[in-house]
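The points below may be read alongside the sequence and the coordinates.

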Amino acid sequence: EDEPAEELLDEIYTEKKRLLDKKEIPKPKNLRPIELAEVPFVIPETWEWIRLGEIIKSITNGIYKPASFFDDKGTACLRMYNISKRRINLLNVKRLRLTNEEIEKYSLQVGDLLVNRVNSKELVGKAGVVGEFGETLVFEAMNMRVRFHDNSRSSYFSNLYLASSFAHKQIADEAKQAIGQASINQSQVSNLIFPLPPLEEQKRIVARVDELMAILDELEVKLQTSQE
């Protein structure tokens, strides 16, 4: 009985038109149409196959600063090492001396999806949702910030999706390969084929996966203790 994903899309398209008319967002680049051969499996009738960019409000690469801008009293800057196991962490976070304009341009909001754009072939595309960390955060050039039209409402499901083998294959196939690393760009992320569920179903899926992952984390600790 969930409101179908089609209605969620209609709401997003209406909001996108309003923002475009007010010139609050740039005109989005055209997304490739979805070819039948790209669709890998059947989804429920209430879901929709879309390009991820259809629900993205903005997508931006991070800031680059040389080491001379590192400052223990500066603004916390999330690097690719701060994304692990679908989560954002502040372990060994670097801090940068930035202007107010730079902070405003590269700041992160709760619900933003941070996607790693340069890494090894196995790790490029890893992502995490920004939570409430109690301080201003920005992000470095090796990452990109994905902000959705419905903000945190779809970021958690999208984060799960990017960790799936199907999404990883798309990313690996599209990634530009160089010596020892791979990279993806904004267009490639926006054009990922994406199965969009109704909003309430997204929430249930995320809650169920979090529940199962907590059980796996507990089992992992027990196994390590047993081995010791």
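1. In what order do the three strands of the open sheet with antiparallel pairing stand? The order is E8-E13-E12. Strand E8 (118–119) and strand E12 (176–178) are the edges; each has a single partner strand, so one side of each has no neighbour in the sheet. Three bridges link E12 with strand E13 (residues 181–183), in the antiparallel sense, and Gln177 has Ala182 in E13 as its bridge partner. Strands here are DSSP runs (E, at least two residues) and helices likewise (H or I, at least four), numbered from the N terminus; two strands pair if DSSP finds at least two bridges between them.

2. A remark on the basis of the values is in order. The model is predicted, so that local features need pLDDT of at least 70 and side-chain atom pairs count only at pLDDT 80 or more, whereas totals for chains, interfaces and linings use all residues. Residues are numbered from 1 along each chain as its sequence is written, and side-chain values use heavy atoms, with hydrogens and water left out.

3. Another open sheet of three strands has the order E6-E3-E10, and its pairing is mixed. Its edge strands, E6 (94–96) and E10 (137–139), each pair on one side only. On average, neighbouring strands of this sheet are turned by 70° against each other, direction ignored; the axes are lines fitted to C-alpha atoms, for helices over the stretch in contact, and angles run from 0 to 180 degrees between N-to-C directions. Strand E3 (residues 70–78) and E6 run antiparallel and are joined by four bridges. Cys77 stands opposite Lys94 in E6.

4. Four bridges pair E14 with strand E1 (residues 48–51) in the antiparallel sense, and Phe194 in E14 has Ile50 opposite. In a regular strand the side chains alternate between the two faces of the sheet. Both faces of E14 are covered, with Ile193 and Pro195 buried on one side and Phe194 and Leu196 buried on the other. Buried means under 20% relative accessible area, exposed over 50%, and partly exposed in between (1.4 Å probe, protein chains only).

5. Gln170 belongs to helix H4 (residues 165–174). Is this residue buried or exposed? Gln170 is buried, because its relative accessible area is 14%. Apart from neighbours within four places in sequence, Gln170 is in contact with Tyr161, Leu192 and Ile193, contact being heavy atoms within 4.5 Å.

6. Helix H6 (residues 199–227) contains Ala207. H6 has 29 residues and reaches 42 Å from its first C-alpha to its last, close to the 42 Å expected at 1.5 Å a residue; the expected span is 1.5 Å times one less than the number of residues. The buried residues of H6 are Leu199, Gln202 and Val206, whereas Ala207 counts as partly exposed at 44% relative accessibility. From C-alpha to C-alpha, Ala207 and Glu101 are 37 Å apart in space, and 106 residues separate them in sequence.

7. The largest pocket has a volume of about 450 Å³. Of its 18 lining residues, the closest to its centre are Lys27, Pro28, Lys29, Ile59 and Ser190. Strand E2 (56–61) and helix H5 (186–190) each supply at least two residues of this lining, and E2 gives the most, with four. On a 1 Å grid over the protein atoms alone, a pocket is an open set of points with protein on both sides within 12 Å along at least five of seven lines, a cavity is a set where a 1.4 Å probe fits but cannot get out, and lining residues have an atom within 4 Å of a point. Grid points are joined across faces, edges and corners, and a volume is the space filled by probe spheres set on the points.

8. How many cavities of 30 Å³ or more does a search of the whole structure find? The search finds one. The largest cavity holds about 30 Å³ of space, and its lining consists of Ile171, Glu174, Ile184, Gln188, Val189 and Leu192. H4 and H5 are the elements that give two or more residues to this lining.
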